[in-house]
Amino acid sequence: MSALNRVPSLMARAGTASALTIAAVGGSLVVPGVASDAEAATPATKALQVAASKKGSPYKWGAAGPHRFDCSGLTLYSFKKAGKSLPRTAAQQYNKTRHISVGNRKAGDLVFFHSGSSVYHVGIYAGKGKIWHSPKSGEVVKLQKIWTKSVWYGRVK
């Protein structure tokens, strides 16, 4: 039985139960802005979850996991775990994605930072103007607000 189908029966049994009560009996709630079971199954959402699970992993130039990452190594690793292949560098990844506008971006899309026509960094869009990425030497994988307008978006095919 899907989580969505259990909510009405749990609510009927629980009456005016709180969310904590429902969670305690093994139920789940439909919460706006949270992926449904079907959405959670997409490769992009899976890749986003993998990247988030690597929070705190140290940056290492040329590393593609599972414990250390550079920027494109994190995206490569995350999408590989989601069943999609990407090339190694940020620029190569940009060339392999379907380019999309800022208005069409969705969680799980790649965010490419560029200077002129040169792509120099990549992260995975998390929604609300934030990305999961492995920034630079001395830092760790983290969720961070996009800090520039010099970005392009790409959707993994």
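## Ground rules

A residue is called buried when its relative accessible area is under 20%, exposed when it is over 50%, and partly exposed in between (1.4 Å probe, protein chains only). What you're looking at is a predicted model, where local features need pLDDT of at least 70, side-chain atom pairs count only at pLDDT 80 or more, and totals for chains, interfaces and linings use all residues. Residues are numbered from 1 along each chain as its sequence is written, and side-chain values use heavy atoms, leaving out hydrogens and water.

## The sheet

Let's start with the strands (DSSP runs of E, at least two residues, numbered from the N terminus). Six of them make an open sheet, ordered 1-6-2-3-4-5, with antiparallel pairing; two strands pair if DSSP finds at least two bridges between them. Strand 1 (98-100) and strand 5 (142-145) sit at the edges with a single partner strand each, so one side of each has no neighbour in the sheet.

Strand 3 (residues 118-127) and strand 4 (residues 130-133) are joined by three bridges. Y125 stands opposite I131 in strand 4.

## Aromatic pairs

Now for the rings of Phe, Tyr and Trp (its six-membered ring): they pair if their centres lie within 6.5 Å, and planes under 30 degrees apart count as stacked, over 60 as edge-to-face and the rest as tilted. The whole structure holds six aromatic pairs. F69 and Y77 are edge-to-face, because their ring centres are 5.3 Å apart and their planes are at 65°. F69 is buried at 0% relative accessible area, and Y77 is buried too, at 15%.

F113 and W147 are stacked, with centres 4.4 Å apart and planes at 15°. F113 is buried at 0%, while W147 is partly exposed at 44%.

Notes. Helices (H or I, at least four residues) and strands (E, at least two) are DSSP runs, numbered from the N terminus.
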